[in-house]
Amino acid sequence: MAFNTRKTDYFPYLLLIPATVVTLIVVAWPLVETIRLSFTDASLRPVENYVGFANYEKMFSRRFPEVIARTFYWMALSVIFKIVVGTLGAVLLNAAIPGKTLMRVLVMPPWIIPIPIGVFIWGWMYNGQFGMISGIGQSIGLLEGPFEFLAFKSSAFFSTIVTDVWIGTPLVTVYLLAAMQAISPDLHEAAWVDGASRFYRFRRITLPLIMPAIATMSLLSAIWTFNSFDIIWILTEGGPRNATTTMIIDTYKTAISRFKYGEGAARAVMIVIFLSLFSTFYFLMISRLSKKDKEV
Amino acid sequence: MINKYRWYEFVLIYAGLALFLTFILAPFITAFTVSLRPMQSLFSIPYRFLSDNMTFEAYWEMWSSVPLLARYMINSIFISSAITICGLLAIVPAAYAFARFEFSGRTGLLAGFLAVNMVSGAVLIIPLYKVMQQLGVLNTYFAMIVPGTAFVIPTGIWLLRSYLMKIPRELEEAAWVDGAGKLYTMIRVILPIALPGIMVVAIATFIAAYAQQFIFALTFNSVNEFNPLPVGLFQFFGRQTVVWNELMAASLVGILPVLLLYVFLQRYIVAGLTAGAVKE
């Protein structure tokens, strides 16, 4: 190629400087610094001492495993619902029916708007006295009196999940819809000529071909759900009695609300460990999928 | 015909879609009806979706009961615009480098940028908070703009890179043969052609920046006058009994800018979001 005739070309590196500098300062350096801080007793005081693994020992002696388990439970439920609802939505929107274009447009708003604002609306819906869900529940006789969804442990836990599913579903839907539309119509036509029913064609053509997209989306969705902060913080701040305290919320409460930077950093390191596991898995999957693609 | 449905299939599909779209849209519709109802009529048993005395009063009242509301909205738009501009300054050259040049470390660097998408702001907040405290930049717009910029760069690079890869290489080669330098070629030949793609990335970046401004503003800023809309509303309504109809009215007005952008440009936005689903 004409461009690369010279020996070492510094031009592309120069082009990458702005993006790299911002990323190093805002993301890479804080990551390293978090690891260092996790071994100190850093707090609001200006002095900080190295304390070895004390923060980690303290963390694990205090119900931290419970927080990890809760985080994974919350994430798993949320991702499963997002993928199931999103897939069903994509299948329905893929049908060649009048009005499909308009309906596809109507799917996106929960994902487009700022998360906190969507969550304010849900905050009202979960409200016991004024809220819609409690109100309808009373009208049809499901609830005997006003029910404050965010005030009880298990209802708060599931309420935050429902809101998270509401915000995450649109992206899953349009992503899978795009994958379905990339399937060549010839495949469906050939099967149709052979007399295959619609359901059979879905099971034997559509589903296997969108499986890679479902897998990719599940993993991405798991990572984002794991990182979810706004929804829980606005609805419950991790309460009631820690019922919705996930690892992210626990880290934030420890470090920012209680100014225990060292202990907070140890929690952040645990999050980073899990996230790097997910990311490694994700990149391995992507590269395997693209290799498979080339072989075909 | 292959796509012909029987009547009961039509019924099933529309029923399913009605259910699905109800889940997606019901919060917006009910938020709108709540914003139209006077506060005292909101508390009624049995529950009612509408009341007799619906008014747009909340949309007037909210400006006086949340004194800084207009300020929050301007802040939101200002912060997102600043993030978009700073972001583009980093995104455009980087995307061009990844789209056009072979250099060692290319794949690793690209993966590194994409990995930023997997980190949440909450993980980085402790060191950032400490360093901003030391530099004395807490409670400034700067404290919200710079971290926000880092998080729009990866997706921006990814989107713009796939757009630039579709521009034929012959253009650059022709410019090169004519004796143009690389920087000149990029600025004078490629960027003008790529302008539609850059616009799409700018809009996607703006929407993302508008949507993400919560945790950084919540943590790094405690000056109410600088708060973007989500944090402003959160803190205002956290402090006192919630006036639900006004909160809903303010929320709906706050999402209007992005909804409008989305309605006009939804084809591009959806194409950008789903870039990974379809192989090129």
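Q: How far apart are the centres of domain 1 of chain B and domain 2 of chain B?
A: Domain bounds come from an automatic or database domain assignment. Here, in a predicted model, the two centres, taken over C-alpha atoms, are separated by 33 Å. Domain 1 of chain B covers 1-55 and domain 2 covers 67-273.

A quick note on ground rules: residues are numbered from 1 along each chain as its sequence is written, while chains are lettered from A and ligands numbered from 1 in the order in which they are written. As this is a predicted model, local features need pLDDT of at least 70 and side-chain atom pairs count only at pLDDT 80 or more, whereas totals for chains, interfaces and linings use all residues.

Q: How many residues does each domain of chain B put into the contact?
A: Two residues are in contact if their C-beta atoms, placed from the backbone, lie within 7 Å. In this case seven residues come from domain 1 of chain B and seven residues from domain 2 of chain B.

Q: Which helix gives the most to the domain 1 side in chain B?
A: Helices are DSSP runs (H or I, at least four residues), numbered from the N terminus. On the side of domain 1 of chain B that touches domain 2, α1(B) gives the most, with four residues.

Q: Is E263(A) buried or exposed?
A: A residue is buried if 20 or more other C-beta atoms lie within 10 Å of its own, exposed if 12 or fewer, and partly exposed in between, with C-beta atoms placed from the backbone. E263(A) is buried because 26 other C-beta atoms lie within 10 Å. E263(A) sits in helix α13 (residues 261-295) of chain A.

Methods: Helices (H or I, at least four residues) and strands (E, at least two) are DSSP runs, numbered from the N terminus.
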